[in-house]
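Subject: Structure for you to look at

Hello,

Here is the structure I said I would pass on. Please have a look at it first; my notes follow below.

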Amino acid sequence: MDAQSGPSRSWGFAGAVLVCGVLGLAAAVFAGGARRPPAYALNSTLIYRCEIGGVVFVILYFVVVLTRLASYGRTPTSIGASGAKLPQLPHALLSDALAGYQTVAARLDELPDQIIDEMAALRHRVEALEQAPPAEREHGQ
């Protein structure tokens, strides 16, 4: 498993989302308090701070998701009311990936048989060495 796939990459994304949450919480805690919170925050300082933290989190999360998509070469082509549109992967790329997967799967299917054959050959060699007289065992090594 290389450095660009598997668990390490997933933990990196989870860590980035955690950082977004921490920064959102910090923004809520350290938000400059107005003398009187706005009416859309129900005149509550707590709700006002939660709104600020939530907005900071959502913006940072959006940036992290776009960065992750860009690392896979899939940046949105447009973002609108119906959501983000991602480019479709070319059919040739998907076909190549499927062919590579099938090749690897075929090799993995053959591997147990090869291991069994190698183990049988080693077992025969050990049996032959055990049955040989002691003088031949020392020279056989």
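A residue is called buried when its relative accessible area is under 20%, exposed when over 50%, and partly exposed in between (1.4 Å probe, protein chains only). This is a predicted model, in which local features need pLDDT of at least 70 and side-chain atom pairs count only at pLDDT 80 or more, while totals for chains, interfaces and linings use all residues. Residues are numbered from 1 along each chain as its sequence is written, and side-chain values use heavy atoms, with hydrogens and water left out.

The whole chain: helices (H or I, at least four residues) and strands (E, at least two) are DSSP runs, numbered from the N terminus. The protein chain has four helices and two strands, in the order α-α-β-β-α-α along the sequence. Of its 141 residues, 8% are buried.

Helix H2: this helix covers residues 45-71. Tyr48, Gly53 and Val64 are the buried residues of H2. Just after H2 comes Gly73, with a positive phi of about 80°.

Helix H3: Leu122 lies in this helix, which runs over residues 91-131. How exposed is Leu122? Its relative accessible area is 42%, so Leu122 counts as partly exposed.

Regards

Methods: The expected span of a helix is 1.5 Å times one less than its number of residues.
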